[in-house]
Each structure stands twice: as C-alpha cells, then as structure tokens.
Amino acid sequence: MLVLVCYDVCTETQASRRRLRRVAKVCEGIGQRVQKSVFECQLDIAKFEALERELLAEIDPKTDCLRLYRIPATRGYEVLEH
C-alpha cells in the first residue's frame with residue numbers, strides 16, 4: 001500500500017531540533033521524500049505498523065503533529081510528478 005507520511009515537529013529548542021532530525025531519518029530510511037516533511041512509502045501492513053510505532057516513539061504529541069495516510073491501491077492510480 002502507498003502511505004503518505006506528514007509531520008510537523010516543533011523546532012524551538014535544541015532537543016526538538018534533534019527530534020526533527022530523528023523523525024526525518026526514520027522516514028528517509030523507508031520512503032521517498034516529496035516535500036521537506038512529507039514522504040511517500042510503499043509498505044506492507046507489517047512495515048506500516050513498525051513505521052507507525054517508530055515514529056510515535058520519536059515525536060512529542062504535546063508539540064508535534066504526525067499524520068500517516070494509507071492510500072488504497074486502485075486501478076488507474078498513479079503518482080503524478082511535476
């Protein structure tokens with residue numbers, strides 16, 4: 001399945017900037033960056049669940065935002081690049 005990972009990590013402190021780098025590194029290891037904090041990932045359900053756990057362990061839910069969108073495979077779907 002195609003998964004779109006979007007995040008917004010607070011960068012006001014040195015610790016939060018490190019957290020941002022860790023989140024980005026997790027995503028870079030598994031997907032294709034399409035914007036600064038948006039990644040496309042082709043994953044099976046096990047890898048999706050592992051990615052979700054890993055990212056949730058990195059973020060601070062009080063100050064950060066994380067969204068994982070599962071995009072179902074449909075006939076005729078393709079990613080358009082500009």
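A salt bridge is here a side-chain nitrogen of Lys or Arg within 4 Å of a carboxyl oxygen of Asp or Glu, and a search of the whole structure finds three of them. The model is predicted, so that local features need pLDDT of at least 70 and side-chain atom pairs count only at pLDDT 80 or more, whereas totals for chains, interfaces and linings use all residues. Residues are numbered from 1 along each chain as its sequence is written, and side-chain values use heavy atoms, with hydrogens and water left out.

**View 1. The salt bridge between Asp64 and Arg19.** The closest N and O atoms of Asp64 and Arg19 are 2.7 Å apart. This pair links distant parts of the chain, 45 residues apart, with Asp64 in the loop between helix H2 (45-58) and strand S4 (65-71) and Arg19 in helix H1; helices (H or I, at least four residues) and strands (E, at least two) are DSSP runs, numbered from the N terminus. Asp64 and Arg19 are both buried, where buried means under 20% relative accessible area, exposed over 50%, and partly exposed in between (1.4 Å probe, protein chains only).

**View 2. The surroundings of Cys10.** Cys10 is placed in the loop between strand S1 (2-8) and helix H1 (14-28), and it counts as partly exposed because its relative accessibility is 21%. Leaving aside neighbours within four places in sequence, Cys10 is in contact with Ser16, Arg17, Arg19, Thr63 and Asp64, contact meaning heavy atoms within 4.5 Å. The C-alpha atoms of Cys10 and Lys62 are separated by 9.7 Å, although these residues are 52 residues apart along the chain.

**View 3. The salt bridge between Glu58 and Arg22.** In this pair the closest N and O atoms are 2.5 Å apart. Arg22 is partly exposed, with a relative accessible area of 38%.

**View 4. The salt bridge between Arg33 and Glu28.** The side chains of Arg33 and Glu28 meet at 2.6 Å, N to O. Arg33 is partly exposed, with a relative accessible area of 34%, and Glu28 is likewise partly exposed, with a relative accessible area of 47%.

**View 5. The hairpin of strands S2 and S3.** Strand S2 (residues 32-35) and strand S3 (residues 38-42) run antiparallel and are joined by three bridges, where two strands pair if DSSP finds at least two bridges between them. Two residues lie between S2 and S3 in this hairpin, and Gln35 stands opposite Val38 in S3.
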